[in-house]
Amino acid sequence: MLENRDYTLIIDKSGSMATQDQKGGRTRWLAAQESTLALASKCEQFDPDGITIYVFSGKFKRYENVTSSKVSQIFRENDPSGTTDLASVLKHATDDYLQRKAAGQTKPNGETILVVTDGEPDDRKAVMRVIIEASRRIDRDEELAISFIQVGTDQQATRFLKVLDDELQSAGAKFDICDTITMEDMEDLSLSEVLLNAIND
């Protein structure tokens, strides 16, 4: 499944990502950088074009064809600050997939979108709408997968991400395309290992 699939990574750069609560006293932002590097290196084995990366807070920026050699530059250009407007960036990423699909430009096995976030989004309902809408525009459930990976231990964020994982079909989604991994699920795994497990899932 890993081959012939596209990977998009959406990274939260809201202010709370500067929190130092990762192993060895590192910030969430630094942990995200290390994981992004591991993910980009892994995906290059299957897809030499590199991956698409978004970083977002109140606004978002998109980087295409990111290979492991470009990761540190993205993290140099961005610093944690601002709010968590997850709905806008997620809509851009899912719309982009659906437009490429309509144009016959997607890989045969579809796309995986990995979202690394530490807090609750500014607008929960908008995030749910984006995912439900995307699920109604795909033909089979494995075609588009969205994995939410929570860094940090915000309980409200955990509850919301669990809702995305378990309750969207009852709210009108055509397929269950979300998967959520929280800090508790990670236990002894590093964020890098979690991301790699998510793409191997």
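Predicted model: local features only at pLDDT ≥ 70, side-chain atom pairs only at ≥ 80, totals over all residues.
Trainee: Why are helices α3 and α4 called roughly parallel?

Mentor: Helix α3, residues 86-102, and helix α4, residues 124-136, pack at an angle of about 10 degrees. Angles under 35 degrees count as roughly parallel, and α3 and α4 therefore get that description. Their axes are 8 Å apart.

Trainee: Which residues make the contact between α3 and α4?

Mentor: On α3 they are L86, A87, L90, K91, T94 and L98. On α4 they are A126, V127, V130, I131 and A134. Contact here means heavy atoms within 4.5 Å.

Trainee: How do the residues of that contact divide into nonpolar, polar and charged?

Mentor: The contact of α3 with α4 has 9 nonpolar residues, 1 polar and 1 charged. Lys counts as charged, and K91 of α3 is part of the contact.

Trainee: In which sense does β2 pair with β1, and in which with β3?

Mentor: β1, residues 6-12, pairs with β2 in the parallel sense over 5 bridges. β3, residues 60-66, pairs with β2 in the antiparallel sense over 5 bridges. Two strands pair if there are at least two bridges between them. V55 of β2 stands opposite I11 and also opposite K61 in β3.

Trainee: How does the chain get from β2 to β3, and how from β1 to β2?

Mentor: β2 and β3 form a hairpin with 3 residues between them. From β1 the chain crosses through helix α1, residues 28-46, to β2, and this β-α-β crossover is right-handed.

Trainee: Why are β3 and β6 said to stand at the edges of the sheet?

Mentor: The open sheet has 6 strands in the order β3-β2-β1-β4-β5-β6, with mixed pairing. β3 and β6, the latter at 178-181, each have a single partner strand, so one side of each is left without a neighbour in the sheet. Neighbouring strands of this sheet are turned by 15 degrees against each other on average, direction ignored.

Trainee: How many bridges join β4 to β5?

Mentor: There are 7 bridges between β4, residues 111-117, and β5, residues 144-150, and the two strands run parallel. E111 stands opposite L144 in β5.

How values were computed
Residues numbered from 1 in each chain as written. Heavy atoms only, no water. Axes fitted to C-alpha atoms, helices over the stretch in contact; angles between N-to-C directions. Helix = DSSP H or I, 4+ residues; strand = E, 2+ residues; numbered from the N terminus. Parallel < 35°, antiparallel > 145°, perpendicular 65-115°, else oblique. Right-handed = clockwise from strand over helix to strand, strands pointing away.
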